[in-house]
Amino acid sequence: MRNLLELLVVWICSVQGVAVVARAGRAAPQMVAPQLVSSVEPVVQVLCAAGLSEPQAQEVWGRRPPGRLPGIVQQVALIEWLQLDPLAGSNMHTERLLYMALHASPKLMLYAGKLPQLKATLEAVRAALKELTQRQLALTLAHNPGILLLSPADVELRAASLQKATSLDAAELTAALSAAPRLLLLVPEQIEARAGWIRSRLSIQEGELRRVVAKAPLTMLAKTSSFER
């Protein structure tokens, strides 16, 4: 992975240099820095510098959310943070995980201006999934990057909702969330509805639901057809 900060500085200097010459009324010289081409979107170039292939970078850029995104400085900070913290520690190359995360949740680019919130959410997620190693967490977030878009309060609320709906104790709750992190993507109403539906379909009481979820937390994510007889 090239130094993204150095790439950003070169790009800014190139843009500012052209602007100064233009304001002076002179023709702008050809200023193309290494790995930087004026006809290519800056974010695409930064993604390439982070290790993505150009087709991958273009694909991610093509999936960007509508509207104005935070600036290039903030995008660089986001990409570096993703690679150095939440997506670090896996046997897979971080650029592969970065591609997976941004492809699955391009909305992350919209959150580049909310890096403090993303960092706080990551800490809340680590607390909820504390049985996971950093390697396991990196793979989990690469496959389920939408978890990072939650607020820290959302992470805590969804964990509490799961505990309330299933009567899991604190240790069981941590184990269940660590085994099935996608439970954090369910809103409280979905959690309660699924818990009620499982109790009804399996004809079990609340205490029995606790044992089911503690032993097989993915049950809460199963499609309803899985329980059809």
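**Gly51.** I looked up Gly51 and found it in the loop between α2 and α3; helices here are DSSP runs of H or I of at least four residues, strands are runs of E of at least two, and both are numbered from the N terminus. The model is a predicted one, in which local features need pLDDT of at least 70, side-chain atom pairs count only at pLDDT 80 or more, and totals for chains, interfaces and linings use all residues. Residues are numbered from 1 along each chain as its sequence is written, and side-chain values use heavy atoms, with hydrogens and water left out.

Gly51 counts as partly exposed because its relative accessibility is 37%; buried means under 20% relative accessible area, exposed over 50%, and partly exposed in between, with a 1.4 Å probe and protein chains only. I then took a C-alpha distance: Gly51 and His93 are 42 residues apart along the chain, and their C-alpha atoms are separated by 9.0 Å.

**Whole chain.** I counted eleven helices and zero strands in the protein. The pattern along the sequence reads α-α-α-α-α-α-α-α-α-α-α. Of the 229 residues, 42% are buried. For contacts (heavy atoms within 4.5 Å), I took the pairs at least 6 apart in sequence; 72% of these join residues at least 24 apart. The protein exposes about 12000 Å², and carbon and sulfur atoms supply 54% of that area. The areas come from the Shrake-Rupley method with a 1.4 Å probe, and for residues only the protein chains shown count as cover.

**Helix α5.** Which residues of α5 are buried? I list Leu97, Leu98, Tyr99, Met100, Ala101 and Leu102. The buried residues of this helix pack against α2 (42–49), α3 (54–62), α4 (72–84) and α7. As a reminder to myself, an α-helix has 3.6 residues a turn, so residues three or four places apart point the same way.

I followed up the pairing with α7. Helix α5 (residues 94–104) packs against α7 at an angle of about 35°, with the axes 7 Å apart. Axes are lines fitted to C-alpha atoms, for helices over the stretch in contact, and angles run from 0 to 180 degrees between N-to-C directions. On the α5 side I noted Leu97, Met100 and Ala101; they meet Ala138, Leu139, Leu141, Ala142 and His143 in α7. The residues of this contact divide into seven nonpolar, one polar and no charged. In that division Ala, Val, Leu, Ile, Met, Phe, Trp, Tyr, Cys and Pro count as nonpolar, Asp, Glu, Lys and Arg as charged, and the others, Gly among them, as polar.

**Thr140.** Thr140 is in helix α7 (residues 134–143). Is Thr140 buried or exposed? Thr140 counts as buried, because its relative accessibility is 14%. Leaving aside neighbours within four places in sequence, I found Thr140 in contact with Leu132 and Pro181.

**Gln75.** I placed Gln75 in helix α4. Its relative accessibility is 2%, so Gln75 counts as buried.

**Leu221.** Leu221 lies in the segment after α11. Its relative accessible area is 16%, so Leu221 is buried. What does Leu221 touch, not counting residues up to four places away in sequence? I found Ala180, Arg182, Leu183, Leu186 and Arg194. Leu221 and Ala180 are 41 residues apart in sequence and 8.3 Å apart in space, C-alpha to C-alpha.

**Positive phi.** I checked two serines. Ser167 is not a glycine, yet has a positive phi of about 65°. Ser167 sits in the loop between α8 (152–166) and α9 (170–179), and is partly exposed because its relative accessibility is 26%. Ser203, also not a glycine, has a positive phi of about 55°. Ser203 is in the loop between α10 (188–202) and α11 (206–215). Ser203 is exposed, because its relative accessible area is 58%.

**Rings.** I searched the whole structure for aromatic pairs and found zero. Rings of Phe, Tyr and Trp (its six-membered ring) pair if their centres lie within 6.5 Å; planes under 30 degrees apart count as stacked, over 60 as edge-to-face and the rest as tilted. I did find the charged end of Lys114 over the ring of Tyr111, 4.8 Å from the ring centre. The cut-off for a charge over a ring is NZ of Lys or CZ of Arg within 6 Å of the ring centre and within 35 degrees of the ring normal.
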